[in-house]
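Here is a short report on a predicted model. Read it with the structure in view.

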2 protein chains.
Amino acid sequence: MRDVYVVGAGQSKYGAFPDESYRSLFETAYESALDSAGGIDPGDIDEAVVGSLGVGGRQLGLSGPAVTEHVGLHGVPCSRIENACAASGYAVRQAVQAVKSGMADVALAGGYEVMTDMSGDVAKYWLGVSGETEWERLTGTTFSGVYAQMASAYIDAYDASPDHFSKVAVKNHANGAKNPKAHLGFTCSFDDARDAPVVADPLNLYHCCPTSDGAAAVIVASEEFAEKCDDAVRVAGVGAASERVGLFQRDSYTSIRSTEEAANTAYEMAGVGPDDIDFAEVHDCFAIAELLAYEDLGFCERGEAPNLIDRGVTELDGDLPVNPSGGLKSKGHPIGATGAGQVVEAFSQLTGQAGDRQIEGANVGLTHNVGGSGGAAVVHVLEGGVL
Amino acid sequence: MRDVYVVGAGQSKYGAFPDESYRSLFETAYESALDSAGGIDPGDIDEAVVGSLGVGGRQLGLSGPAVTEHVGLHGVPCSRIENACAASGYAVRQAVQAVKSGMADVALAGGYEVMTDMSGDVAKYWLGVSGETEWERLTGTTFSGVYAQMASAYIDAYDASPDHFSKVAVKNHANGAKNPKAHLGFTCSFDDARDAPVVADPLNLYHCCPTSDGAAAVIVASEEFAEKCDDAVRVAGVGAASERVGLFQRDSYTSIRSTEEAANTAYEMAGVGPDDIDFAEVHDCFAIAELLAYEDLGFCERGEAPNLIDRGVTELDGDLPVNPSGGLKSKGHPIGATGAGQVVEAFSQLTGQAGDRQIEGANVGLTHNVGGSGGAAVVHVLEGGVL
């Protein structure tokens with residue numbers, strides 16, 4: 001199995017951009033990825049995978065070729081991958097497989113979503129299509145509702161309260177305020193977060209990520225190609241797993257099994273464990289999801305996530321910074337872009353280009369991207385300073 | 001690059017099935033593929049890729065995990081791939097990459113679509129979403145209209161007439177009448193085909209494929225695993241390419257460049273040429289598409305496709321049978337199932353299980369799956385009798 005490296009990564013700003021299109025956002029991300037790769041020749045790219053849920057129904061079919069033709073990648077094999085909010089995390093994984101297979105030497109993985117140009121009801125429809133259809137979506141259960149059930153179950157099971165969700169928000173906004181690409185790049189106080197209006201009890205507005213427009217792109221390559229590049233981050237481990245799409249069909253509401261299995265696969269492939277991780281970008285679509293991720297990824301024991309956030313372990317200057325980018329909460333969550341965008345942050349951190357939010361001495365980073373409420377999950381372990 | 005084999009393949013009947021769902025159809029295809037693989041243990045499957053356009057908006061997000069959980073493949077990494085009508089051709093390719101990468105040993109690739117339970121206008125919307133949005137779909141151009149432009153251009157350029165399209169229909173219906181899985185499994189006369197009502201001049205009803213419900217599934221595996229299986233067909237070559245999504249942006253209306261490039265890649269990888277192909281399943285969504293495929297795949301020179309059909313070369317008992325299954329025209333076209341379904345036919349032919357439509361002595365088969373009017377294309381070269 002040949003080694004694969006991330007040799008370039010870039011993204012658009014995340015936010016609400018009425019003057020942009022999915023094509024222009026993807027182009028910005030692509031050009032940024034190329035720039036970060038020291039201007040490699042686009043002609044070297046021999047595979048492309050684009051993640052998107054297709055929110056809004058824009059070019060719902062063939063949108064992979066539609067965005068790659070827009071950036072001038074004519075002819076390159078390209079497909080769209082969809083796994084709800086994990087679309088482009090899976091796109092990165094698929095690009096890694098393409099290079100490992102020997103069928104490609106340099107592969108582009110990216111994603112995009114445009115979500116802010118529609119009414120609330122239309123947005124709710126498009127967000128809801130990733131929920132289990134018959135017994136969740138069509139009975140009126142939104143994703144806020146699904147995660148609220150998980151939050152309630154967690155509070156019942158462990159020594160946790162909504163204040164811990166608020167602390168996640170404060171931390172991620174503090175990080176996002178240092179990220180010029182963040183959608184909600186402002187700090188918030190604990191009082192702000194605690195006293196926000198309820199969305200789905202026990203989750204309030206500050207416990208939920210925004211809907212965003214944005215795009216991200218990552219270039220992965222074989223070791224031989226990577227040796228010629230300015231920067232290269234090794235894809236040491238890749239793991240993915242599925243879980244029942246509907247929450248009601250699962251054994252546990254206080255863990256996401258697909259995350260656990262994906263992480264175990266990625267750790268095994270990388271030959272590392274949770275203790276070796278220097279920082280992580282995790283899927284905090286709701287604050288409870290970040291706490292579950294701490295446990296599912298093995299950063300702490302079951303029920304210990306509130307303790308981790310209380311002690312500041314996962315803050316930017318803590319022992320294990322989580323979501324240095326600001327996470328989905330503050331950086332934003334343009335569905336199809338999110339997974340690739342996490343790899344963009346990891347690449348920046350591992351190549352010392354993360355500016356005000358740079359984590360000193362970071363060598364091993366982890367990215368964690370979830371589809372739906374855990375129907376799909378994908379984890380990457382990335383290692384800097386190898387080549 | 002390690003060798004990959006198809007070790008099992010099956011499909012549902014294609015047709016209009018008001019009593020079935022996308023889940024039940026997928027289950028039928030999956031069970032059929034397992035049966036054809038001599039009952040391999042589903043626990044051996046360590047990757048799944050599902051192709052679907054999502055017609056009708058059923059479980060539009062996370063439908064990959066939704067169908068694999070239905071068949072009991074819990075936990076297995078699964079994603080949905082979308083490339084319009086080439087979705088599951090690309091799914092097969094992705095499964096091949098997964099096994100070649102070493103990240104999987106046994107991978108399931110399948111696809112499904114349910115298309116017949118909606119009104120004509122709704123179906124037209126869902127079929128149209130793979131067209132170029134701004135200048136084709138939103139200006140009222142349907143796929144029949146796009147292919148009619150290609151047909152007109154072809155008739156202008158070469159010695160061809162709508163009668164050649166009718167001959168394609170007669171041939172494919174003759175084959176489909178021998179296929180118990182075919183949607184329109186009846187023969188038609190040349191007069192039937194010639195005198196059918198116009199859909200988009202010069203294409204009439206018999207020059208267009210139906211919309212169908214159906215599913216298909218293929219199991220691919222490493223050589224080591226394949227050696228233990230009852231049947232194994234080598235995936236000798238795989239090629240894919242993109243092309244401008246909108247027809248109006250292309251240099252030629254009388255060829256599909258993505259098909260040419262995909263075929264060239266697949267031939268090169270397999271170390272064969274068009275002359276080595278014993279039979280082919282090609283993407284005859286419209287009769288003109290089959291004629292273009294003859295030329296783009298290198299079966300004849302430019303402008304010679306009408307001659308090929310006139311001489312009966314591509315009939316079941318000809319020198320190079322094309323669409324022994326009946327093709328999209330007679331077997332049917334459940335969008336997301338079509339590409340994998342072509343591989344099902346090739347597997348049947350290469351393992352001597354094609355019943356009344358068995359091609360004697362067939363050792364090398366080709367499958368050709370197109371998305372939209374050529375925005376994506378994928379070609380597989382499959383070889384029997386290797387293991």
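Helices of at least four residues and strands of at least two are DSSP runs, numbered from the N terminus. On that basis, chain A has 13 helices and 11 strands. Its radius of gyration is 19 Å, close to the 21 Å that the globule rule gives for 387 residues, so chain A is as compact as a globular protein of that length. The C-alpha trace of chain A spans about 55 × 45 × 35 Å along its principal axes.

**The interface**

The size of an interface is often given as the accessible area lost when the parts come together. Here chain A and chain B bury about 4400 Å² between them. Carbon and sulfur atoms give 49% of that area. In chain A, the residues that lose the most area to chain B are A:Leu62, A:Gln97 and A:Met103. Together they account for 16% of what that side buries.

The contact draws 54 residues from chain A and 54 residues from chain B. Polar contacts across the interface link 29 residue pairs, both partners at pLDDT 80 or more. Four elements of chain A give two or more residues each to the side that touches chain B: α2 (63–70), β3 (78–82), α3 (87–101) and β8 (233–242). The most comes from α3(A), with seven residues. By class, the residues on this side of chain A divide into 21 nonpolar, 20 polar and 13 charged.

Six salt bridges cross between chain A and chain B. One pair whose side chains meet in a salt bridge is A:Arg80 and B:Glu82, at 2.7 Å from N to O.

Which strand of chain B pairs with β3(A)? The partner is β3 (residues 78–82) of chain B. The two strands run in the antiparallel sense and pair over three bridges. Within this pairing, A:Arg80 stands opposite B:Glu82 in β3(B). The salt bridge noted above joins the side chains of A:Arg80 and B:Glu82.

**Backbone details**

| Cis peptide bond | Omega |
|---|---|
| A:Asp201 to A:Pro202 | about 10 degrees |
| B:Asp201 to B:Pro202 | near 10 degrees |

A:Pro202 lies in the loop between β5 (198–200) and β6 (203–204) of chain A. B:Pro202 lies in the loop between β5 (198–200) and β6 (203–204) of chain B.

A:Ala84 has a positive phi, near 55 degrees, although this residue is not glycine. A:Ala84 sits in the loop between β3 and α3 of chain A. Both β3 and α3 are among the elements of chain A that touch chain B.

Key: Residues are numbered from 1 along each chain as its sequence is written. Chains are lettered from A and ligands numbered from 1 in the order in which they are written. This is a predicted model: local features need pLDDT of at least 70, side-chain atom pairs count only at pLDDT 80 or more; totals for chains, interfaces and linings use all residues. Side-chain values use heavy atoms; hydrogens and water are left out. Contact means heavy atoms within 4.5 Å. Buried area is the accessible area (1.4 Å probe) that two parts lose on being put together, summed over both. A salt bridge is a side-chain nitrogen of Lys or Arg within 4 Å of a carboxyl oxygen of Asp or Glu. A polar contact is a pair of N or O atoms within 3.5 Å; within protein, one must be able to donate a hydrogen and the other to accept it, and residues adjacent in sequence count only if both atoms are side-chain atoms. Ala, Val, Leu, Ile, Met, Phe, Trp, Tyr, Cys and Pro count as nonpolar, Asp, Glu, Lys and Arg as charged, and the others, Gly among them, as polar. Two strands pair if DSSP finds at least two bridges between them. The radius of gyration is taken over C-alpha atoms; the globule rule is 2.2 Å times the number of residues to the power 0.38.
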